[in-house]
Amino acid sequence: MSAFREQVIAAVRKIPPGRLASYGQVAQSIGRARAGRAVGAVLASLGPHDILTPWHRVVNKEGRISPRQDPFSTRDPAREQAERLATEGVEPDAQGRYDLSVFGWPKS
């Protein structure tokens, strides 16, 4: 496993239930402020079957779930992410966005 991948996974595992971070925030937390897309690629490679890494707690900078494909699952990964967030009490607004000022982590 690459050092970058290990750092991303470790950072995401620190996000507590009921909180969210953006891909860019995760990248910044590991000292790679411009690597948000790379963070997304790492998390997309985990897929919905990964239960050790709370990948579902990471959204884009607008507070939206980013679309992704999982060729090994019959489930829609975006729906899976929304369902996992809902079980933690994290609900989107009427426009489908998650309010990072409410659910963001670390809490400012």
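This briefing describes the pockets, a helix packing and selected loop residues of one predicted model.

The model is predicted, and local features need pLDDT of at least 70, side-chain atom pairs count only at pLDDT 80 or more, and totals for chains, interfaces and linings use all residues. Residues are numbered from 1 along each chain as its sequence is written, and side-chain values use heavy atoms, with hydrogens and water left out. The largest pocket has a volume of about 280 Å³, and helix 1 packs on helix 3 at an angle of about 80°. A cis peptide bond joins Trp-105 and Pro-106.

**Largest pocket**

- The volume of the largest pocket is about 280 Å³. A pocket is an open set of points on a 1 Å grid over the protein atoms alone, where a 1.4 Å probe fits, with protein on both sides within 12 Å along at least five of seven lines. Lining residues have an atom within 4 Å of a point. Grid points are joined across faces, edges and corners, and a volume is the space filled by probe spheres set on the points.
- The lining consists of Ser-22, Tyr-23, Gly-24, Gly-36, Arg-37, Gly-40, Ala-41, Val-59, Asn-60, Lys-61 and Glu-62.
- Two or more residues of this lining come from each of helix 2 (23-29) and helix 3 (36-46), and helix 3 gives the most, with 4 residues. Helices (H or I, at least four residues) and strands (E, at least two) are DSSP runs, numbered from the N terminus.
- By residue class, the lining of the largest pocket holds 3 nonpolar, 5 polar and 3 charged residues. Ala, Val, Leu, Ile, Met, Phe, Trp, Tyr, Cys and Pro count as nonpolar, Asp, Glu, Lys and Arg as charged, and the others, Gly among them, as polar.

- Helix 2 supplies the largest share, 4 residues.
- The lining of the second largest pocket comprises 6 nonpolar, 3 polar and 1 charged residues.
- Most peptide bonds are trans.
- Pro-106 belongs to the segment after helix 5 (100-103).

**Packing of helix 1 and helix 3**

- Helix 1 (residues 3-12) and helix 3 pack at an angle of about 80°, and their axes are 10 Å apart. Helix 1 is therefore roughly perpendicular to helix 3 (angles of 65 to 115 degrees count as roughly perpendicular). Axes are lines fitted to C-alpha atoms, for helices over the stretch in contact, and angles run from 0 to 180 degrees between N-to-C directions.
- Helix 1 contributes Phe-4, Arg-5, Val-8, Ile-9 and Val-12 to the contact (heavy atoms within 4.5 Å), while helix 3 contributes Ala-38, Val-39, Val-42, Leu-43, Ser-45 and Leu-46.
- The residues of this contact divide into 9 nonpolar, 1 polar and 1 charged.

**Loop between strand 2 and helix 4**

- Asn-60 lies in the loop between strand 2 (58-59) and helix 4 (77-87) and is buried, with a relative accessible area of 17%. Buried means under 20% relative accessible area, exposed over 50%, and partly exposed in between (1.4 Å probe, protein chains only).
- Not counting residues up to four places away in sequence, Asn-60 touches Ser-22, Tyr-23, Ser-66 and Leu-100.
- Ser-66 is placed in the loop between strand 2 and helix 4, and beyond its neighbours within four places in sequence it contacts Tyr-23 and Asn-60.
- Arg-64, located in the loop between strand 2 and helix 4, is partly exposed at a relative accessible area of 31%.

**Loop between helix 4 and helix 5**

- Gly-96 lies in the loop between helix 4 and helix 5 and counts as partly exposed, at 32% relative accessibility.
- Not counting residues up to four places away in sequence, Glu-88 touches Pro-17, Gly-18, His-56 and Arg-57. Glu-88 and Arg-57 are 31 residues apart in sequence and 9.8 Å apart in space, C-alpha to C-alpha.

Technical notes
Parallel < 35°, antiparallel > 145°, perpendicular 65-115°, else oblique.
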